[in-house]
Amino acid sequence: MEGAKTESFTRALYSFSLVLPMDKQLWEWKLGVERIWSAAAPDYGEAARLAAEIAGASEEAMLRQAATQALPSLRNASHENADRSTLSAARRRLCVIHDVLISLTAPRFGKRGNAPKLLTPGERYRQMLGLPLGRHLSAPEIHQAYKRAAKTAHPDTGGNVRDFLELSAAQDALLKER
């Protein structure tokens, strides 16, 4: 009964002209993996066929990689004499493909796709020293933060010269900014 509901929902979804061909393919793969996943006794032969199709046709590198890595486990699990550990490994690999498909087909709302806001030089300096962004800083507070950060960035303690010089420049700029 539930399979019929899923298929009718899928048909309704595809009837909209806004669905792109690759999105349609992702949804079909997702439904196929969910059908195999939810079965009492998963058909690992069908799962291997689906993973091979995904590995060969997907435009998403992460999905291609997940399917390619799952193929040997799924093929081994499709044999009649597969032991419990082989079946468990195949189920975990199928779960990885399922998770990737869910992340690719999840609706994206808000500003998730936008690039992060670039920091100003002052904000970057504060971040380098581990100082808060939104308040006035005192000179001793800047100096203490510099000493804490310099302990790991100094060349004598395993850091490199460039990072240490950047920390020094950040301290100087923040002290001048006051």
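What covers the buried residues of α6? The cover includes α7 and α8 (161–177). Contact here means heavy atoms within 4.5 Å. Buried means under 20% relative accessible area, with a 1.4 Å probe and protein chains only. Helices are DSSP runs (H or I, at least four residues), numbered from the N terminus.

Ground rules, quickly. This is a predicted model, where local features need pLDDT of at least 70, side-chain atom pairs count only at pLDDT 80 or more, and totals for chains, interfaces and linings use all residues. Residues are numbered from 1 along each chain as its sequence is written, and side-chain values use heavy atoms, with hydrogens and water left out.

Back to α6, residues 121–129. Its buried residues are Gly122, Tyr125, Arg126 and Leu129. They sit on the same side of α6, because they cover an arc of only 100 degrees around the axis. That arc is taken from the directions from the helix axis to the C-beta atoms. After α6 comes Gly130, with a positive phi near 75 degrees.

Now the α7 and α8 pair. Their axes are 10 Å apart, and the packing angle is about 175 degrees. Axes are lines fitted to C-alpha atoms, for helices over the stretch in contact; angles run from 0 to 180 degrees between N-to-C directions. The two helices are therefore roughly antiparallel, a label for angles over 145 degrees.

Who meets whom? From α7, Ala139, Ile142, His143, Tyr146, Ala149, Ala150 and Ala153 meet Phe164, Leu167, Ser168, Gln171, Leu174 and Leu175 of α8. The residues of this contact are ten nonpolar, three polar and no charged. Nonpolar covers Ala, Val, Leu, Ile, Met, Phe, Trp, Tyr, Cys and Pro; charged covers Asp, Glu, Lys and Arg; the others, Gly among them, are polar.

Take Ala149, in helix α7 (residues 139–153). Is Ala149 buried or exposed? Buried, at a relative accessible area of 14%. Beyond four places in sequence, Ala149 touches Met128, Leu129 and Leu167. The C-alpha atoms of Ala149 and Gly130 are 7.8 Å apart, at 19 residues along the chain.

Last, the cores. A nonpolar core is a set of buried Ala, Val, Leu, Ile, Met, Phe, Trp, Tyr and Cys residues joined through side-chain atoms within 4.5 Å. The largest has 23 residues.

Conventions
Buried < 20%, exposed > 50% of the residue type's maximum accessible area, 1.4 Å probe, protein only. Parallel < 35°, antiparallel > 145°, perpendicular 65-115°, else oblique.
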